Amino acid sequence: MNLSRRKIITGALAGAGAALALPQIGRAQTKLVKVGLIPSEDSRAMLESSQQLLDALEKNLGIKVQGFVAADYNGVIEAMRSGHVDVAYLGPFSYVLGTTVAPIEAFATAETAKSGRTFYHSQIIARKDSGIKEVKDLKGRTFAFVDPSSTSGHLFPKAGLMKLGFDPEKDFSRVLFTGSHDANALAVANKRVDAATIADRIFDAAVQKKLVDPADIQVVWRSDPIPESPTCWRKNLPDELKKQIKSAFLNIRDITWADQGKLNRFVETNDQAYDIIRETAKTLNLDLGKMK
C-alpha cells in the first residue's frame, strides 16, 4: 500500500465469544449497535468469522448487534465519522491515522492465547549463513519490507534503522515490498532477499506452519513493544452506552478469534497507548493530518 488514507486504514475485526451477562441497556434508548468490519475477505466470510464476537456482544448488551462490512478500508473510518458505525477494530497505525479524520477513541485491545500479551514486536530477520549479524551488515544487501503502510512490516523497522544511522533509501542494494509477512519469511528462507521485516508473532506462526526453519534464521533487529490493534468507538456515543460496550468486551473469555486462534480476553486501553505510533510517524516525517 502507498501512504494514502485509503490504504493505511488497515486491520481486521475477527470473532470473539461468550461472556458474563451484563445489565441491559434500555431498548427504547438504544436499539442497535453496529460494529465495523474491515474487508480482508469477502463480506459473507467476514461476517461469519466475526459472528462469535457479535453474538457475545449482543448477549452482554441485551440489544441487537450488527456487523457492517465496508467496501474498502477507508469505508469503516468514514462509517464511524458519519455515525453509521459505533465500534470498529483497527490496526495500530490505522487507528492513529483514523483519529485525524474521525471522532474515534481506543478503549480495548485483545489478548490471544497464542501470545498471552497485548503487544508485539517488529523484527528484521536474515539467514544465519548470510553473514548478517547486526544492522550495519545490511548495507549493500537486498531487503524486503511487507507493505508501505504496515506498522511492523515497514514503519517501525524503517524508523528503527534510521535511528541507528542506517538510510533505508540509500543503503540497501535493492528493496522490495512483498505484500505479506509470510512472503517475507519465505523470501529470506529461500534466499530471494538477504533480510526482511516480520512481526514476531507472525514469524512464530510461520515456524509452526513450517514455512521457515528457525535453526536457519537469526534476528538482526527487534523493535520496542508495539501495542496490539485497538477496538475503538465513536467519542459521541452516550456515556452509559460506552460503559456497557466496554464491559461487554472486557468480559469476553476463552473463545476462538478467527485466524488469531483462541482469545484469552480483551483488556482496557486508551488513546495514549498509541503515542508510540505517532512518535514513529514523526521519525519518518509523516504528517498524519495531511495524508489523504
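On a 1 Å grid over the protein atoms alone, a cavity is a set of points where a 1.4 Å probe fits but cannot get out, whereas a pocket is an open set with protein on both sides within 12 Å along at least five of seven lines; residues with an atom within 4 Å of a point count as lining. Grid points are joined across faces, edges and corners, and the space filled by probe spheres set on the points gives the volume. The model is predicted: local features need pLDDT of at least 70, side-chain atom pairs count only at pLDDT 80 or more, and totals for chains, interfaces and linings use all residues. Residues are numbered from 1 along each chain as its sequence is written, and side-chain values use heavy atoms, with hydrogens and water left out.

The structure holds one cavity of 30 Å³ or more. The largest cavity has a volume of about 40 Å³, and its lining consists of Val-33, Val-35, Leu-57, Leu-61, Val-65, Val-87, Ile-245, Ala-248 and Phe-249. Two or more of the lining residues come from each of strand 1 (32-37), helix 3 (51-61) and helix 9 (239-250); helices (H or I, at least four residues) and strands (E, at least two) are DSSP runs, numbered from the N terminus. Helix 9 gives the largest share of this lining, three residues. By class, the lining of the largest cavity comprises nine nonpolar, no polar and no charged residues, where Ala, Val, Leu, Ile, Met, Phe, Trp, Tyr, Cys and Pro count as nonpolar, Asp, Glu, Lys and Arg as charged, and the others, Gly among them, as polar. Val-35, one of the lining residues, is found in strand 1. Val-35 counts as buried because its relative accessibility is 2%; buried means under 20% relative accessible area, exposed over 50%, and partly exposed in between (1.4 Å probe, protein chains only). The C-alpha atoms of Val-35 and Asp-86 are 6.0 Å apart in space, and the two residues are 51 apart in sequence.

The second largest pocket has a volume of about 180 Å³. Its lining is made up of Phe-156, Ala-159, Gly-160, Lys-163, Trp-221, Arg-222, Ser-223, Asp-224, Ile-276, Glu-279 and Thr-280. Helix 6, strand 10 (217-222) and helix 10 each supply at least two residues of this lining, and helix 6 gives the largest share, four residues. The classes represented are four nonpolar, three polar and four charged residues. Domain 1 (32-116 + 228-285) and domain 2 (122-222) each contribute at least three residues to the lining of the second largest pocket; the domain bounds come from an automatic or database domain assignment.

Nine aromatic pairs are present in the structure. Rings of Phe, Tyr and Trp (its six-membered ring) pair if their centres lie within 6.5 Å, and planes under 30 degrees apart count as stacked, over 60 as edge-to-face and the rest as tilted. Tyr-95 and Tyr-274 form an edge-to-face pair, 5.3 Å centre to centre and with 65 degrees between the planes. This pair links distant parts of the chain, 179 residues apart, with Tyr-95 in helix 5 (residues 92-98) and Tyr-274 in the loop between strand 14 (262-268) and helix 10 (275-283). Tyr-95 is buried, at a relative accessible area of 0%, and Tyr-274 is buried, also at 0%.

The rings of Phe-143 and Phe-172 are stacked, because their centres lie 4.3 Å apart and their planes are at 15 degrees. This pair too links distant parts of the chain, 29 residues apart: Phe-143 is in strand 7 (residues 142-145) and Phe-172 in the loop between helix 6 (151-163) and strand 8 (174-177). Phe-143 is buried at 0% relative accessibility, and Phe-172 is buried at 8%. Phe-143 and Phe-172 belong to one aromatic cluster with Phe-145, Phe-166 and Phe-177. Elsewhere, the charged end of Arg-201 sits over the ring of Tyr-120, 4.2 Å from its centre; this term requires NZ of Lys or CZ of Arg within 6 Å of the ring centre and within 35 degrees of the ring normal.

Most residues other than glycine have a negative phi. Lys-191 has a positive phi, near 60 degrees, and lies in the loop between helix 7 (181-189) and strand 9 (195-199). Lys-191 is exposed at 56% relative accessibility. Lys-210 likewise has a positive phi, of about 65 degrees. Lys-210 is in the loop between helix 8 (200-208) and strand 10 and is exposed, with a relative accessible area of 72%.
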